[in-house]
Amino acid sequence: MAELNDRSREIFRQIVESYLATGEPVGSRNLSRLLPMTLSPASIRNVMADLEAAGLIFAPHTSAGRLPTEMGLRFFVDAMLEIGDVGLEERARIEAQMKAAASGHTLETALAEASALLSGMSRGAGVVVTSKSNARLRHIEFVRLDPARALVVLVGEDGSVENRLLDLPAGLPASALTEAGNFLNARIRGKTLADLKQEIAARRSDMERELDALTARLVEAGLATTVGAADTRQLIVRGQANLLEDLKAAEDLERIRLLFEDLETQTDVIDLLTRAENGEGVRIFIGSENKLFSLSGSSMIAAPFRDGSQKIVGVLGVIGPTRLNYARIVPMVDYTARVISRILEKGR
């Protein structure tokens, strides 16, 4: 691929950009009008044959024009894509909507707004994945339901509330629930569940001095229940209906049906988004490069966001057809992730 000469690169670029703009194959005659150089249709066809032999383009039908292959799209994105910048108007819109969503609302509400915002601006589906175990806590309380069960009520700094069922040790006095709550609340502020569990484990001797054995068991059981349950990943998807727009043929409708099935299988989407946590900046996943989109032929552009300690706490992105406007959506996703990171860093 590195051996493509300038003429071949320009013809390839025009084929890809035409596909991204229209979704349609482009032939040699149309290319001769688009190219900044003077070439006959015959010369262009010779170059197209070389590009096809290299696996960068293909003919969807006999005597049709050419479209980029998934390998061709990857080459274009990695080696030739000219990334734009987010315009001032779009920056202002992202800033305003995210600050409004974060002010006085839960983190989940703000992330749902980010997903909807990306969907609206990209005309694709906006996706966000995060882990509830990343939430920093303000308060914890144990509420007895009956002699054998209690609720663990967790209140986050972002206003979110989580309730988890807990089996109580036999013979536990009512006062133990209050003592366990007080013990944890004295150490909880600004910590995540995982942080709190780690601290309690490290200072087990302190806990055993302050609390009786049954209450200490209650503290440990409460943390084990909440950390285990809250560590599951949460997926937010908005704007699937956008993917139904601009369908050109029956095969497009089938592709979208398959993509909807992919989105219903949340575990696979979460696994793919989680891969975007590895490494800096924006990740681009194209078509059958990953198992999730192997049938639907879709693409995803995703970027991680961080909390105040610069720890990655989630990923957001856009899913759509492989002819996404990469040059526009890549910086948009990147900027939105940075806005959310700044909001989290400031504690909203």
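This is a predicted model: local features need pLDDT of at least 70, side-chain atom pairs count only at pLDDT 80 or more; totals for chains, interfaces and linings use all residues.
Residues are numbered from 1 along each chain as its sequence is written, and side-chain values use heavy atoms, leaving out hydrogens and water.

**The sheet**
- Strands β4, β5 and β6 line up in that order as an open, antiparallel sheet; strands (E, at least two residues) and helices (H or I, at least four) are DSSP runs numbered from the N terminus, and two strands pair if DSSP finds at least two bridges between them.
- β4 (137-146) and β6 (161-167) sit at the edges with a single partner strand each, so one side of each has no neighbour in the sheet.
- On average, neighbouring strands here are turned by 20° against each other, direction ignored.
- β5 (residues 149-156) is joined to β6 by seven bridges, and Leu154 has Glu162 in β6 as its bridge partner.

**Helix on sheet**
- Helix α7 (residues 174-188) packs on the sheet and touches β4 and β5, with contact meaning heavy atoms within 4.5 Å.
- The direction of α7 makes about 170° with that of β4; axes are lines fitted to C-alpha atoms, for helices over the stretch in contact, and angles run from 0 to 180 degrees between N-to-C directions.

**Helix on helix**
- α7 and α8 (residues 193-202) pack at about 110°, with axes 11 Å apart.
- Phe183, Leu184, Arg187 and Ile188 in α7 meet Leu196, Glu199 and Ile200 in α8.
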